[in-house]
Amino acid sequence: MAKKSQRKVAMCLMAHPDDCEFMAAGTLALLAKKGWEVHIVSSTPGDCGSMTMSPEEISRIRRAENAKAASIIGATYHCLELRDLFITFDKDSIRRVLTLTRSIGPTLMITHSLQCYMGDHEETAKLARSASIGSFVPNACAGPIREGAGVPHFYYADPAGGVDYFGQPAIATTLVNISSSMATKEKMLKAHASQRSWLQAHYGMDEYILMMKRLGASRGQEIGVKYAEGFRQHKGQGYPQDCILTKELGDLVITRDIPVR
């Protein structure tokens, strides 16, 4: 009997619409091009993302923007419908992320750094980690368990801004050369027009895109390419120890040990 091929399903869970695009879209685009099924998930609909519109109005706009951004690489967008600045590692939030993750059955998960500039990002990372180990536990939540579901390869993206709490460059043990997918990443980020327009008005320049490119160029410089995205793999007990990104993307991925400071 022929051996079943491994499911290739990537789930990127971050706090707000545009976070996945900002921190991981280059890698997601490369995986989608390799035939991976990609799911982009935000904890909230971005209800605090406007100075002039109501929470309901800006949420409708930002959900649509995120769905449009995801569609550029053939991905599916989901929202946990939590609220900006109120993401909490509590029973209701855990239940929501467990149920969604069970329905997707990812073999690869990407989330925020556990140390980032705002609590929404950190709490989402904790929710993602909880779902990665618990979504396929029969009694954890409702819904059928996908065949072959188990602990996925799990990665934390760079923190926003690329630095830790003390302004020091964040450590990345896995760097993905996204030079070939940067144009796609930029297109996905530009789909979030409500946020881009607000920042253009605020700064008088396209800071939204420039910020993203600066971080990508900084990571790229570390490995001698134009643009890269940085990640750190979760290798705790029970998690896969091999790098699935290297397996799938080959020479586009550089792995390294944690440097001694």
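## Basis of the model

Because the model is predicted, local features need pLDDT of at least 70 and side-chain atom pairs count only at pLDDT 80 or more, while totals for chains, interfaces and linings use all residues. Residues are numbered from 1 along each chain as its sequence is written, and side-chain values use heavy atoms, with hydrogens and water left out.

## Overall form

The protein contains eight helices and eight strands, where helices (H or I, at least four residues) and strands (E, at least two) are DSSP runs numbered from the N terminus. The C-alpha trace spans about 60 × 45 × 35 Å along its principal axes. Of the 261 residues, 53% are buried; buried means under 20% relative accessible area, exposed means over 50%, and partly exposed lies in between (1.4 Å probe, protein chains only).

Contact means heavy atoms within 4.5 Å, and among the contacts with a separation of 6 or more, 76% are accounted for by residues 24 or more positions apart.

Side chains of opposite charge can pair when their charged atoms come close. The structure holds 13 salt bridges, each being a side-chain nitrogen of Lys or Arg within 4 Å of a carboxyl oxygen of Asp or Glu.

Asp92 takes part in a salt bridge with Arg95, whose closest N and O atoms are 2.6 Å apart, and in another with Arg96, at 3.0 Å from N to O. Arg95 and Asp92 lie three residues apart in helix 3 (residues 91-104), about one turn of the helix, and Asp92 and Arg96 are also separated by about one helical turn because they are four residues apart in helix 3. Asp92 counts as partly exposed because its relative accessibility is 30%, and Arg95, at 45%, counts as partly exposed as well; Arg96 is partly exposed with a relative accessible area of 27%.

## A buried pair between distant parts

The side chains of Lys185 and Glu229 meet in a salt bridge of 2.6 Å, N to O. This pair links distant parts of the chain, with Lys185 in helix 5 (residues 182-190) and Glu229 in strand 7 (residues 228-233), 44 residues apart. Lys185 is buried, with a relative accessible area of 3%, and Glu229 is buried, with a relative accessible area of 3%.

## The surroundings of His121

His121 lies in helix 4 (residues 119-134) and is buried, so its relative accessible area is given as 4%. Leaving aside residues up to four places away in sequence, His121 touches several residues, including His16, Asp19 and Cys116.
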